[in-house]
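Here is a friendly walk through a multi-chain model, meant to be read with the viewer open. Take a moment to look it over before starting.

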Amino acid sequence: MAKADIINANTEVEKQYTTLNLGPTHPATHGIFQNVLTMDGEVIIKAEPTIGYIHRAFEKLAERRPFYQITPITDRMNYCSAPINNIAWHMTVEKLIGADIPKRVQYLRVIIMELARISDHLICNTVIAVDTGALTGFVYLFQFRELIYEIYEEICGARLTTNIGRIGGFERDFNDKAWAKIERFLREFPEALKEFENLVKRNRIFMDRTIGAGPITAERALSYSFSGPNLRAAGVDYDVRAMNPYSSYEDFDFTIPVGVSGDTYDRFMVRQEEMWQSMRIIRQAIDKLPEGPHFAQVPEFYLPPKEAVYNNMEALIYHFKIVMGETDVPKGEVYHCVEGGNGELGFYLISDGGRTPFRLHMRRPCFIYYQAYPEMITGTNISDAILTMSSMNVIAGELDA
Amino acid sequence: MDSTIQEKIIGILRDKFESEILSVESPYNFLTFNLRQEKIIQIIEFLYTNPQARFQYLTTLCGIHYPEQKQIAIMYQLHSLTNNWRIRLKIFLPEENPVTPTLTTVFAGANWMERETYDFFGVRFTGHPDLRRILNVEDMIIFPMRKEYPLEDQTREDKKDFMFGR
Amino acid sequence: MQATETKKTDIKLVEKPEGYEGAGFFATSLEKVVGMARKNSIWPLPFATSCCGIEFMATMGAHYDLARFGSERLSFSPRQADLLMVMGTIAKKMGPVLRQVYEQMAEPRWVLSVGACACSGGIFDTYSVLQGIDRIIPVDVYVPGCPPRPEQIIDGIMKIQHLVENESLRRRDSPEYKAMLNKYGIE
């Protein structure tokens with residue numbers, strides 16, 4: 001492809017570049033962000049992104065709310081895999097207060113987080129296929145996202161913005177219906193995923209479209225602080241689950257897929273393989289699930305059961321204090337990170353001993369790696385730029401917070 | 001991170017930049033250095049190139065406003081992927097005129113992180129290629145994350161008095 | 001799978017309006033026919049900004065099919081759309097863009113505000129979020145929820161269908177409608 005030649009050509013003809021506004025409302029930008037592209041025909045010379053069209057001031061909002069009321073805000077960051085954000089926030093607070101979480105809670109959390117990861121990667125991969133023109137995958141695989149939503153509903157009551165679990169564990173143990181639904185998902189999903197994979201993985205058209213589209217080298221990716229599937233597609237095997245294991249991930253056996261050239265095909269295949277590995281982890285977690293309580297002993301944060309509230313004075317006082325948000329938290333600063341759907345999702349929490357955080361900074365992976373987008377698309381065609389954007393899985397809620 | 005590794009990292013930094021360290025602490029086992037503002041970029045470059053330390057990944061950088069001490073702190077969090085060490089560096093800038101050099105010469109990813117810190121706290125990063133607001137509207141004059149500004153928009157009308165019978 | 005006989009009377013098409021029928025002709029009022037035609041072929045413009053957009057994607061999927069209401073063809077260009085579905089939080093930075101998209105739509109146009117954030121700002125009572133899109137554009141139907149279930153979004157669409165069916169052909173030229181648009185500053 002003579003991409004670079006067109007830019008370096010020394011012609012005497014006077015050139016006029018067109019400016020194209022890939023505006024905030026555009027069917028191909030899956031989310032609200034704008035790019036003003038300067039183009040020479042079909043080739044992009046310069047790109048200038050503008051974000052902030054859905055800035056909702058999460059960090060300022062968090063300074064106003066008691067700790068458990070911040071969970072619904074974290075939902076709305078990466079809304080395609082909301083449970084991961086919720087559980088990451090709960091783990092941050094548990095680190096701050098020094099809570100000891102039982103093994104059963106950790107395994108249940110792993111199951112939920114891996115289901116959320118599958119849910120996130122399903123959207124990204126099917127949307128990459130849609131952008132190349134293959135709509136079938138989207139329509140068929142969204143049925144399985146409905147199954148995942150049903151599992152969330154059984155556990156916490158909500159489909160998308162789940163607000164799942166509590167500081168200290170889960171509100172209720174998984175009942176039989178939830179286990180039946182999880183088993184049904186694990187039984188039916190592999191076949192559908194294999195079908196989708198066979199449609200696109202070795203498909204000549206898909207491979208021609210995606211191989212070489214929007215590449216990035218490992219050095220540039222590290223300099224831009226990439227993380228998650230985008231970094232692994234570039235060749236660096238950095239996964240928070242393996243490097244800083246949390247919530248008993250060290251008990252599970254899974255491989256981390258790593259790509260070679262960091263282009264769209266590699267990102268697609270890394271996410272695809274991660275879905276298979278997630279199913280493996282869920283299977284292991286179900287098989288090795290220990291018995292035990294579904295919550296930790298943190299009475300200051302975990303609502304007591306209703307029978308105790310009506311019979312026991314202490315439980316009544318705890319219930320009142322928690323609901324009114326009057327619990328004081330120890331002073332300190334803590335950073336906790338998990339492997340979100342897009343990379344290292346971190347919460348940096350400073351508490352000054354009051355009932356709300358003094359400062360909560362969210363390390364959002366989408367925000368950090370989207371700044372490399374102009375560099376990745378300079379010199380490519382506009383159709384490759386669209387594919388690059390959808391393969392980077394930029395979610396507007398996480399971008400702007 | 002156990003204490004031998006922490007001692008090692010403190011030793012590496014103390015060797016060259018003893019005078020810049022204000023204090024060292026380790027809340028929740030996470031090594032944190034409070035440093036002077038003047039040579040922060042040299043310190044980070046040193047940590048980047050030092051063959052024992054190799055802190056070549058910038059996890060995040062953010063601003064923190066301490067209204068009582070009238071300071072705005074900048075927190076840099078670095079990660080050494082080869083050794084799996086994480087450290088935190090903090091510098092303190094005066095509230096009226098927070099100025100510090102940019103980190104984009106070392107890490108390309110610091111570009112938008114610094115723009116976000118400028119947008120929220122008003123910290124000027126000298127040498128930044130494109131320092132302007134990123135998340136808020138372009139013509140905003142205040143720096144909203146500072147503690148003196150309220151969360152809500154004071155001119156909003158959604159709690160209409162007649163709907164509440166007032 | 002055994003093949004079963006499907007009765008032809010099971011298939012429900014659109015009900016015909018009241019009118020006078022005879023051999024080879026059917027007489028009814030023009031408004032009723034136009035309303036029936038418009039109601040069953042609304043072309044929506046999905047203005048999906050955040051989480052409600054994902055619920056919209058689920059509504060368009062096979063489980064809660066929106067296409068059976070006639071909205072098979074989504075229009076991403078405002079010039080060719082009938083219904084503007086605003087789904088998700090609208091920040092103050094996005095307000096002028098939404099306004100421009102609304103102004104580009106041709107009459108008759110309807111607006112469906114999906115989700116708590118679009119209706120009233122939702123849980124985000126902050127300096128950067130517009131507290132409801134009815135600050136800048138007129139809205140026909142509000143669908144509350146955070147995010148609303150696909151069934152609720154379909155309920156909102158059905159209410160829009162009811163509005164579309166019963167709208168008078170002269171409404172868009174009437175002085176009351178023009179006065180309402182002037183209140184928003186739209187000519």
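The report below goes through the basis of the model, the interfaces, the sheets, and a helix pair with a salt bridge.

## Basis of the model

This is a predicted model, in which local features need pLDDT of at least 70 and side-chain atom pairs count only at pLDDT 80 or more, while totals for chains, interfaces and linings use all residues. Residues are numbered from 1 along each chain as its sequence is written, chains are lettered from A and ligands numbered from 1 in the order in which they are written, and side-chain values use heavy atoms, with hydrogens and water left out.

## Where chain A meets chain B

Let's begin with the contact between chains A and B. Here 42 residues of chain A touch 45 residues of chain B, contact meaning heavy atoms within 4.5 Å. About 3,700 Å² is buried between chain A and chain B, with carbon and sulfur atoms giving 57% of it; buried area is the accessible area (1.4 Å probe) that two parts lose on being put together, summed over both.

Six salt bridges cross the interface of chain A and chain B, a salt bridge being a side-chain nitrogen of Lys or Arg within 4 Å of a carboxyl oxygen of Asp or Glu. You can find a salt bridge between the side chains of R64(A) and E152(B), at 3.2 Å from N to O. The interface of chain A and chain B also has 27 residue pairs in polar contact, both residues at pLDDT 80 or more. A polar contact is a pair of N or O atoms within 3.5 Å; within protein, one must be able to donate a hydrogen and the other to accept it, and residues adjacent in sequence count only if both atoms are side-chain atoms.

On the side of chain A that touches chain B, strand β4 (residues 332-339) of chain A gives the most, with five residues. Helices (H or I, at least four residues) and strands (E, at least two) are DSSP runs, numbered from the N terminus. By class, this side of chain A has 19 nonpolar, nine polar and 14 charged residues. Ala, Val, Leu, Ile, Met, Phe, Trp, Tyr, Cys and Pro count as nonpolar, Asp, Glu, Lys and Arg as charged, and the others, Gly among them, as polar.

## Where chain C meets chain B

Chain C places nine residues in contact with 16 residues of chain B. The area buried between chain C and chain B is about 970 Å², and carbon and sulfur atoms give 49% of that. In chain C, K93(C), D125(C) and Y127(C) lose the most area to chain B, together 62% of what that side buries.

One salt bridge is counted between chain C and chain B: the side chains of K92(C) and D153(B) meet at 2.7 Å, N to O. Between chain C and chain B there are also four residue pairs in polar contact, both at pLDDT 80 or more. The side of chain C that touches chain B divides into one nonpolar, four polar and four charged residues.

## The sheet of chain C

In chain C, four strands form an open sheet in the order β3-β4-β5-β6, with parallel pairing; two strands pair if DSSP finds at least two bridges between them. Its edge strands are β3 (44-48) and β6 (141-143) of chain C, each pairing on one side only. Neighbouring strands of this sheet are turned by 15 degrees against each other on average, direction ignored.

Strand β5 (residues 110-114) of chain C pairs with β6(C) in the parallel sense over three bridges, and L112(C) stands opposite V141(C) in β6(C). Helix α2 (residues 51-60) of chain C packs on the sheet, touching β3, β4 (83-87) and β5 of chain C, and its direction makes about 125 degrees with that of β4(C). Helix α3 (residues 95-104) of chain C packs on the sheet too, touching β3, β4 and β5 of chain C, with its direction at about 165 degrees to that of β4(C). Axes are lines fitted to C-alpha atoms, for helices over the stretch in contact, and angles run from 0 to 180 degrees between N-to-C directions.

## The sheet of chain A

Chain A has an open sheet of three strands in the order β1-β2-β3, with antiparallel pairing. β1 (18-22) and β3 (43-50) of chain A stand at the edges with a single partner strand each, so one side of each is left without a neighbour in the sheet. β1(A) and strand β2 (residues 34-40) of chain A pair in the antiparallel sense over five bridges, and L20(A) has L37(A) as its bridge partner in β2(A).

## Helices of chain A

Helix α4 (residues 82-97) and helix α5 (residues 103-132) of chain A pack at about 145 degrees, their axes 8 Å apart. Among the residues making the contact are I87(A) and M91(A) of α4(A), and I112(A) and M113(A) of α5(A).

Over all chains, the structure holds 47 salt bridges. K181(A) forms one with E154(A), the closest N and O atoms being 3.0 Å apart. K181(A) lies in helix α7 (residues 176-200) of chain A and E154(A) in helix α6 (residues 136-156) of chain A, so the pair ties together parts that are 27 residues apart in sequence.
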